[in-house]
Amino acid sequence: MKGKELLHRLLQMMITLFGVSLLTFSLMFLSPGDPVEMLLEVADSIVSEETIAETRAQLGLDKPFHVQYFRWLAGVLQGDMGMSYSAKMPVAERLWQCLPGTMALAASATLTMLLMAVPGGILAAVYRNRPLDYLIRGISFLGVSMPSFWVGLILLYVLGLKWGLFPIAGGVVSFDRIVLPTLTLAIAMAAKYTRQVRTAVLEELGQDYITGARARGFPLYKILWRHVLPNACLPLITLLGMQIGWLLGGVAVIEMVFSWPGLGKMAVHAIEMRDYPLVQGFVLWIAVLYMVMNLLVDISYTYLDPRLKKGGN
């Protein structure tokens with residue numbers, strides 16, 4: 001990727017971030033419920049209107065929409081994303097606090113998914129329209145059809161409650177507690193990724209240069225390793241980048257099912273509490289993450305495909 005093209009992409013990212021932040025701020029501003037009342041609500045106690053008005057003024061929520069937004073935007077440009085209403089700490093600090101759990105889960109789920117999907121997709125392509133291919137495709141079809149939260153509940157019941165192999169309560173990042181959410185995410189992702197691997201490998205196996213290599217007596221494993229996989233990896237990297245971006249954004253449903261301390265669970269709690277700064281910071285993190293992942297995928301193309309270095313398509 002050339003310097004001019006990179007600058008153009010960065011400019012597009014800035015415009016997109018501005019649009020995402022404005023849209024998110026607008027939706028939170030128009031959403032029902034008062035964050036101040038939820039913040040001050042303790043059991044069945046009654047909070048006076050004066051206290052509510054004073055707290056609203058302290059948080060700047062009594063100002064018009066445009067004043068609130070541009071004040072928040074100016075703070076973000078200076079590295080200050082505001083204070084979380086519910087966590088009573090800076091938003092950036094709260095995000096960094098929940099990030100390790102999400103990163104650990106994303107890394108383990110991605111690795112497990114690749115170990116399941118890549119060999120499965122290659123075997124399905126090599127043994128096309130044979131019993132092994134039908135078996136792998138059938139399993140992937142079941143994986144796509146089953147909702148992730150349902151798979152997670154089944155794993156919790158069988159492996160956690162009935163067999164007692166893993167703890168059923170989360171709350172901390174540890175090896176024994178990460179196994180079940182990792183399997184839940186890996187099953188869903190591997191079901192989709194296996195099909196993509198099979199399609200990409202089949203497309204390369206049908207090329208003329210593969211036919212020529214087979215005619216010259218090259219072993220199949222050498223053809224797959226040296227020729228098919230390098231050429232088939234470009235579309236697969238795109239899908240992998242999207243999957244990693246999705247995981248690093250926090251998988252809210254799975255994190256809630258397993259009580260996993262990650263960004264997704266934090267975001268759900270922030271929405272329930274009408275914690276505007278924390279929701280804004282989370283959405284901004286998601287937007288930046290996806291755009292950075294797409295940029296890295298595009299940059300990786302130029303190194304994986306020599307034709308792109310010379311201006312080819």
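Visitor: What share of residues 139-159 is helix and what share is strand, and how far apart are the end C-alpha atoms?

Guide: In this predicted model, the span is 90% helix and 0% strand, with 20 Å between its end C-alpha atoms. UniProt, in an unreviewed entry, lists 139-159 under "transmembrane region", along with 12-30, 103-127, 165-188, 232-258 and 278-304. For residues 12-30, the end C-alpha atoms are 27 Å apart, and that span is 100% helix and 0% strand.

Visitor: How many helices and how many strands does the protein chain have?

Guide: The count is 14 helices and zero strands. The C-alpha atoms fill a box of roughly 85 × 60 × 30 Å along the principal axes.

Visitor: How do you know that the length of helix H1 agrees with its 28 residues?

Guide: At 1.5 Å a residue, helix H1 (residues 3-30) should span 40 Å; the end C-alpha atoms are 41 Å apart, so the two values agree.

Visitor: And which residues of H1 are buried?

Guide: They are Arg 9, Met 13, Leu 17, Ser 21, Thr 24, Phe 25 and Met 28.

Visitor: Why is Thr 194 called buried?

Guide: The relative accessibility of Thr 194 is 8%, and buried means under 20%, so Thr 194 counts as buried. Thr 194 lies in helix H8. Setting aside residues up to four places away in sequence, Thr 194 touches Met 116, Ala 117, Gly 120, Gly 121 and Ile 136.

Visitor: Why is Lys 88 called exposed?

Guide: The relative accessible area of Lys 88 is 57%, and exposed means over 50%, so Lys 88 is exposed. Lys 88 sits in the loop between helix H4 (65-77) and H5. Although not a glycine, Lys 88 has a positive phi of about 55 degrees.

Visitor: What makes Asn 129 count as partly exposed?

Guide: Asn 129 has 45% relative accessibility. The loop between H5 and H6 holds Asn 129.

Visitor: And why is Asn 231 partly exposed?

Guide: With a relative accessible area of 40%, Asn 231 is partly exposed. Asn 231 has its place in helix H10.

Visitor: How do you know which residues Asn 231 is in contact with?

Guide: Contact means heavy atoms within 4.5 Å. Leaving aside neighbours within four places in sequence, Asn 231 is in contact with Glu 204 and Tyr 209. Glu 204 is 27 residues away along the chain, yet the C-alpha atoms of Asn 231 and Glu 204 are separated by 7.3 Å.

Visitor: Which residues of the largest nonpolar core touch the most other members?

Guide: In this core of 39 residues, they are Met 113, Leu 185, Tyr 193, Val 201, Leu 205, Val 228 and Leu 247. At least two core residues come from each of H5 (91-126), H7 (148-162), H8 (175-205), H9 (208-215), H10 (220-248) and H13 (276-304). H8 gives the largest share, twelve residues. Val 201, beyond residues up to four places away in sequence, touches Ile 122, Ala 125, Leu 224, Val 228 and Ala 232. Another core lies apart, with 28 residues, including Ile 52, Tyr 69, Val 91 and Met 266.

Visitor: What are the bounds of domain 1 and domain 2 in the domain assignment?

Guide: Domain 1 covers 3-87 and domain 2 covers 93-304. Their centres, taken over C-alpha atoms, are separated by 33 Å. Between them, 25 residues of domain 1 are in contact with 22 residues of domain 2.

Terms used. Residues are numbered from 1 along each chain as its sequence is written. This is a predicted model: local features need pLDDT of at least 70, side-chain atom pairs count only at pLDDT 80 or more; totals for chains, interfaces and linings use all residues. Side-chain values use heavy atoms; hydrogens and water are left out. UniProt positions are given in the numbering used here, feature names are shortened, and annotations may be inferred rather than shown by experiment. Helices (H or I, at least four residues) and strands (E, at least two) are DSSP runs, numbered from the N terminus. A nonpolar core is a set of buried Ala, Val, Leu, Ile, Met, Phe, Trp, Tyr and Cys residues joined through side-chain atoms within 4.5 Å. Buried means under 20% relative accessible area, exposed over 50%, partly exposed in between (1.4 Å probe, protein chains only). The expected span of a helix is 1.5 Å times one less than its number of residues. Domain bounds come from an automatic or database domain assignment.
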